[in-house]
Amino acid sequence: MAHAHKVKQYRGVMDWLTTVDHKKIGILYLAAAAFFFLVGGLEAVLIRVQLMYPEQNIFVGEAFNQLVTMHGTTMIFFAAMPAIFGFMNVAVPLQIGARDVAYPYVNALSFWLFLAGGVLMNTSWFLGGAPDAGWTAYAPLSTTAYSGFGMDFYVLGLQIAGIGTLIGAINFLVTIINMRAPGMTFMRMPLFTWTAFITSVLLLFAFPAFTVALVELMFDRIFSGNFFEASKGGNVVLWQHLFWIFGHPEVYVLILPAFGIISEVVSVFSRKRLFGYSSMVFATILIGFLSFMVWVHHMFTTGMGPVANSIFAVGTMAIAVPTGIKIFNWLFTLWGGSITFNTASLWGISFIPAFVVGGMTGVMLAAPPADFQYQDSYFVVAHFHYVIVGGVVLGLFSGVYYWWPKMFGRLLNETLGKLHFWTFFIGFNLTFFPQHFLGLMGMPRRVFTYLPGQGLEEGNFISTIGAGLMGIGMLFFLINIIITSVKPRTATNDPWDARTLEWAISSPAPEYNFKQTPLIRGLDAFWKEKTAGNKEMTPAEPLGPIHMPSSSIMPVVMSIGFFISGFGFMYKVYWVAILGLVGALLVMLWRSLYDDHGRHIEVEELQDEGVKA
Amino acid sequence: MWRLAPLIGVLAFILTGCGDPTLSALTPKGPVARDQMFLMILSLSVMIFVFVVVMAIYIYVLVRYRRRKGDNKIPKQVEGNHKLEILWTVIPIILLIIIAVPSITQTFDQARDMRKEKDAIHVNVIGHQFWWQFEYPDLGITTAQDLVIPTGKYVSFDVVSADTNHSFWIPVLGGKIDANRGIHNVFYLKSDEVGIFKGKCAELCGASHALMDFKVNSVSSAEFDAWVNKMKAPPAAVPASAAKGEQIFKDNCMSCHATGVNDKSFGPNLNGFASREMVAGILEHNDANLKRWINDPLAEKPGATMPKVGLNDDQLNEVIKYLDTLK
Amino acid sequence: MSNTHHAAAALPAEPERATLEGRNKILGFWLFLGAECVLFGTLFATFVALRNQVPEGPTASELFNLSTVALSTFILLTSSLTSVMATMAMHRHKVKPMLGWLVITVLLGLAFLGLEIYEFNEYVMEGHTFTSSAFATSFYTLVGFHGSHVAFGVLWITTLILQTLKKGLTVVTAPKFYVAGLYWHFIDVVWVFIFTVVYLMGKVG
């Protein structure tokens, strides 16, 4: 009966606007992340240019604060997070042997909401100035009394993107819990899937706190509320608590999937099973759990008193234990292996020392009295860039080179890849290593200049040179993408002799992923079949028609509704705000009233494709 | 090869030493900063030990187990090793305890409330966009930008903000504490050395956050008493040469700037202005800079609350003459 | 309606869990409610932090009229019961009683909203506006968030009733009723906390 439905198949741009295929959505996420990474990177370079010499007058005062705020916000919310969601989309359903995510339509909606939020926030540059209260947006600096119109873009852009993030997290949780192939028990899941799972849990429980914080700030800004207005009984420290209750798990939201990618890459390129798999899983869960009880370490100097400071200091130090377990497990995965050095593994392996440096300074920061000196200085800037660039970004680039053939059927150029790696990695260390000392020598963070003769010149100069080098590295990457995209699709199913399920199917993966759902017989399922002499996975079901969801433009329409509504709130034209929301609600209603019957790919078509491959 | 990068950083560090001795946290001038420095060095040492161990294994593994040309063997698939895993769980816990114990003792030690301490100097610090107000409630003195303290005595601070959040930081004397709006924070510092130290605002507070510097004048007890007496002494008669300037000051500046010993005004109290280290916290104190500042404050400190008053060149010179008498 | 009856006869015992889509929807909704718990938890935390911050305007104990609130509570708790009756009817594949119970649920929800609007109106007339104090802002935000959840639930259940009149009870519509029921209970539980933390604690002081 369902066969009768003829569903329109789109091509070209419309295909990308209407797709509900997790692999295409993954690519959309990664493309958007790359765009915002370049925007955020440009902002970073401009920051460094202003700080290259003392007392420069290029970006002064508000302009500098806008650069700092947008650099941080863009990198965290619109570059790192979508990149992570991109890889989750690309890899997780394939790694667990699923045909798609649990809610393909919602998946598209997650992406378009994130994009709407990101675009909305960046339009502020052209509409009267970007947000300028730092990515942490501490009240009361972020309230209307002390900051410009830009903060409204921050508040609404992040709320819209946040809805997308929340439903994305739910989507992946349900996918991982309900849609694993037969035999894919939790303790056989690849580590990247595990980290995607825990990251989604963190997002699920952390993001609503931030949503509330943003709503409160929005109410204060737009409707003259008093949450953070001290003269009416409001409390400015409340914002800091709400922000960091979200903000600290957010750090682990970013780093855990990077851990996952490293675990895959280190294991594949040393041709060894991940050392201590169960302790890796345990450590991931423990880090996720602890991440909710350390937020006050961002607020040691806020004046919480010695008891709170001590408790949170010990909690913070405790996180070093599971993190240490991970580092040693990676080292001992490499131990006794047969290590290949290509671009993907260089990014992955160099992650270890860079992240260890970030982790070391993390433990140093956990001691409150010492933190009184580090807090809000360049030492902190150096620390979190070692964690986020040396951890997250190195991990993500490793993932880019590793999964590129699975996404596009082409291998990235190795020579350009290695040039990209070395310039970026050296540039990264040059930029951020001296910043540790700048902080200790008394340079506060977020300053637009410093006076000459305070011993800060050399460090800042070296740091700027390093930032330029990182920028050059990114140019190599862009050239690499362009060169690769015009080459023929020659990548084999399994170019790395890898271990997990995604490598058992063609590159790029067909839209239905697995012709027959595979039967999983152990950890590293594909490797297990390969060592048993099989070329493919053993199927768990006979060949049959495959049900596919229909494409839909509605996620885009709904996101535009939220986008318009956001502008309505910002410009206080409430009928526009309500119109946008009503539009979004009508889309939901339409979706509820008209069932999506989808379409089927028939057995004959599957066999044809099999011949072609 | 890539290990060159940190090396260059280390090199730069060695070249510049520990930074400016009146600013750097690495050149402590009091017991609080020294304790914190001890904690930094302790935790850094433990962490360097960890780093060396990790890097030793790392380099050994990368050299020893790299795949050689034509080598196609499949390594042994090791599941794990419980003894090793317990080892690298227990050792970090021990190392962390080594750091945690002095951290927590110090946390409580540095949180002691000195407000009731008779022998301590009490200072209320109020952060403003973008300057600092210092009140000595026991002495009946209110001043701004230059904090004068005696050596060898505890100084108890009560810190709050008048507008956005700031953070009060004198690196050579110790770590910072935030100045939050509507919430008072209490902490203490102590200086052992005579000298002029630099202070900074460490929390993003607006356009000129970078320029919210202040000075700490750490003097001997005798000098401190002399300073108090000088501040409290009835103001000397304004010399005739500055009378014109005084009138201009009264007409244009008095609405924001007080000059009385304990007057709390909207802008910085200018009592003793002529003896202050800097103009507006950032410019070297001389008449030319003072003129530059009064002529167009926003050009020097974007977002500052002091407006361009619009005095002509003559009036500026007269006002400066008057300000120079406020010793 | 004969078509509907036919479909209902072929339905499995728990129609909401008959398909993978249905099971996904229910699990996903539980997770969503987990996020909602954090959302309301944060709003409660804010309210508790600010509830005594009343530099001007009336305080909680001067303001609240417990009898109106008790009536609201009674109405909403009853609506939770009627929504359970609807789910039970669904499990017995009785479409008409199910719709009947749902209509009652919606009407009770509307009555609750009416009372809340009346109550807010009274407060505003007594000088307790959104901008009067930190207590007022956090009060209206918390209780208003709950109210908007009730309003959304009323709209949602109404559209479900309307589409069931057309489509009947199937393995596609059953999970929708089930999660709407979960949602309604959740709203109810949140209200119990609001009644305790906001009103009773407010009256006690």
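**Figure 1. Overall dimensions of chain B in the predicted model.** Chain B has a radius of gyration of 27 Å, whereas a compact globule of 327 residues would have one near 20 Å; the radius is taken over C-alpha atoms, and the globule rule is 2.2 Å times the number of residues to the power 0.38. The C-alpha trace of chain B spans about 95 × 50 × 35 Å along its principal axes. This is a predicted model, in which local features need pLDDT of at least 70 and side-chain atom pairs count only at pLDDT 80 or more, while totals for chains, interfaces and linings use all residues. Residues are numbered from 1 along each chain as its sequence is written, and chains are lettered from A and ligands numbered from 1 in the order in which they are written. Chain B contains 8 helices and 12 strands; helices (H or I, at least four residues) and strands (E, at least two) are DSSP runs, numbered from the N terminus. Of the 327 residues in chain B, 42% are buried. A residue is buried if 20 or more other C-beta atoms lie within 10 Å of its own, exposed if 12 or fewer, and partly exposed in between, with C-beta atoms placed from the backbone. Among the contacts in chain B with a separation of 6 or more, 68% involve residues 24 or more positions apart; two residues are in contact if their C-beta atoms, placed from the backbone, lie within 7 Å.

**Figure 2. Domains 1 and 2 of chain B.** Chain B is divided into domain 1 (16–66 + 78–110), domain 2 (121–232) and domain 3 (240–323), with bounds that come from an automatic or database domain assignment. The centres of domain 1 and domain 2 of chain B, taken over C-alpha atoms, are separated by 32 Å. Their contact takes 13 residues from domain 1 and 15 residues from domain 2. On the domain 1 side, the largest share, 4 residues, comes from helix α2 (residues 31–64) of chain B. That side divides into 6 nonpolar, 6 polar and 1 charged residues. In this classification Ala, Val, Leu, Ile, Met, Phe, Trp, Tyr, Cys and Pro count as nonpolar, Asp, Glu, Lys and Arg as charged, and the others, Gly among them, as polar.

**Figure 3. The open sheet of chain B.** In chain B, 5 strands form an open sheet of mixed pairing in the order β4-β10-β9-β6-β7; two strands pair if DSSP finds at least two bridges between them. The edge strands β4 (146–150) and β7 of chain B each pair on one side only. From one strand to the next, the twist averages 25°. Helix α4 (residues 221–232) of chain B lies across β4 and β10 (214–219), running at about 130° to β4(B). Axes are lines fitted to C-alpha atoms, for helices over the stretch in contact, and angles run from 0 to 180 degrees between N-to-C directions.

**Figure 4. Strand β6 of chain B and its partners.** Strand β6 (residues 166–170) of chain B runs antiparallel to β9(B), to which 2 bridges join it. Another 4 bridges join β6(B) to β7(B), also antiparallel, and a hairpin connects these two strands through 3 residues. F168(B) has C201(B) as its bridge partner in β9(B) and I177(B) as its bridge partner in β7(B). W169(B) stands opposite K200(B) in β9(B). H166(B), F168(B) and I170(B) point one way from β6(B), S167(B) and W169(B) point the other way, and all are buried.

**Figure 5. The pairing of strands β5 and β8 of chain B.** Strand β5 (residues 154–161) of chain B runs antiparallel to β8(B), and 6 bridges join them. Y154(B) has K190(B) in β8(B) as its bridge partner. Strand β8 (residues 185–190) of chain B is mostly covered, with 5 of its 6 residues buried.

Figure 6. In the contact between chains B and A, 88 residues of chain B touch 83 residues of chain A. Elements that each supply at least two residues of the chain B side include α1 (4–16), α3 (82–110) and β9 (195–201). By class, that side has 47 nonpolar, 25 polar and 16 charged residues. Elsewhere, 31 residues of chain A are in contact with 30 residues of chain C. The largest share of the chain A side, 8 residues, comes from α6(A).

**Figure 7. The surroundings of E457(A).** E457(A) is located in helix α14 (residues 457–485) of chain A. It counts as partly exposed because it has 16 C-beta neighbours inside 10 Å. Leaving aside neighbours within four places in sequence, E457(A) is in contact with P54(A) and P452(A).
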